[in-house]
Amino acid sequence: MDVAEQIAAEHSRVICLGAGLHSGYGSAQRMYVKRGYLPDGSGVWYGGQVCEQYAPCCNDDDLVLYMSKEL
């Protein structure tokens, strides 16, 4: 992560990533928060699109919360 953030800092002041929401991504979710990533405010995404309120979705690898961090 340190190297990825250093490379990103050469191109932008903000880095963004998507974190899966099922329990298989639990360790990654915790690591991102500990490194200072915060939800970007766009809500939950499914299949590359924002999930509208009450939209049906499946808790699989396509259910994502995007997070960002200022570098």
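Reader: How do β2 and β3 pair?
Author: In this predicted model, β2 and β3 are antiparallel partners, held by two bridges.

Reader: Which residue in β3 is the bridge partner of Tyr 46?
Author: Gln 49 is the β3 partner of Tyr 46.

Reader: And what sits between β2 and β3?
Author: The two strands make a hairpin, with two residues between them. Gly 47 lies in that turn and has a positive phi of about 60°.

Reader: Zooming out, what is the strand order in the sheet?
Author: The order is β1-β4-β2-β3, in an open sheet of four strands with antiparallel pairing. The edge strands are β1 and β3, the latter covering 49-50, and each of these pairs on one side only.

Reader: How many bridges join β2 to β4?
Author: Five bridges join them, and the two strands run antiparallel. Strand β2 spans residues 38-46.

Reader: Which residues in β4 stand opposite Leu 38, Pro 39 and Val 44?
Author: Leu 38 faces Ser 68, Pro 39 is opposite Met 67, and Val 44 is opposite Leu 65.

Reader: What about β1 and β4, how many bridges there?
Author: Seven bridges connect β1, residues 14-20, with β4, residues 63-70. The two strands are antiparallel. One of the pairs across them is Gly 18 with its bridge partner Tyr 66.

Reader: Where does helix α2 go relative to the sheet?
Author: Helix α2, made of residues 26-34, lies across β1 and β4. The helix runs at about 155° to β1.

Reader: How many helices and strands in total, and what pattern do they follow?
Author: The protein chain has two helices and four strands. Along the sequence they come in the pattern α-β-α-β-β-β.

Reader: Switching to Glu 70. Where is it placed?
Author: Glu 70 is in strand β4.

Reader: Buried or exposed, and why?
Author: Glu 70 counts as exposed because its relative accessible area is 58%, and the cut-off for exposed is over 50%.

Reader: What does Glu 70 touch?
Author: Leaving out residues up to four places away in sequence, Glu 70 touches Arg 13 and Val 14.

Reader: And what separates Glu 70 from Met 31?
Author: Their C-alpha atoms are separated by 16 Å, and the two residues are 39 apart along the chain.

Reader: Now the whole chain. What are its dimensions?
Author: The C-alpha trace spans about 40 × 20 × 15 Å along its principal axes.

Reader: What share of the residues is buried?
Author: Of the 71 residues in the protein chain, 18% count as buried.

Reader: What about accessible surface?
Author: The accessible surface of the protein chain is about 5100 Å², and carbon and sulfur atoms account for 54% of that.

Reader: How many positive and negative side chains are there?
Author: The protein chain has 5 positive and 9 negative side chains. The centres of the two sets lie 12 Å apart.

Reader: Last one, on contacts: what percentage joins residues at least 24 apart?
Author: Taking contacts between residues at least 6 apart in sequence, 65% join residues at least 24 apart.

Methods
Residues numbered from 1 in each chain as written. Predicted model: local features only at pLDDT ≥ 70, side-chain atom pairs only at ≥ 80, totals over all residues. Heavy atoms only, no water. Pairing = 2+ DSSP bridges. Contact = heavy atoms within 4.5 Å. Axes fitted to C-alpha atoms, helices over the stretch in contact; angles between N-to-C directions. Buried < 20%, exposed > 50% of the residue type's maximum accessible area, 1.4 Å probe, protein only. Areas by Shrake-Rupley, 256 points an atom, 1.4 Å probe, with all protein chains shown as cover. Lys, Arg positive; Asp, Glu negative; His and termini not counted. Charge placed at Lys NZ, Arg CZ, Asp CG, Glu CD.
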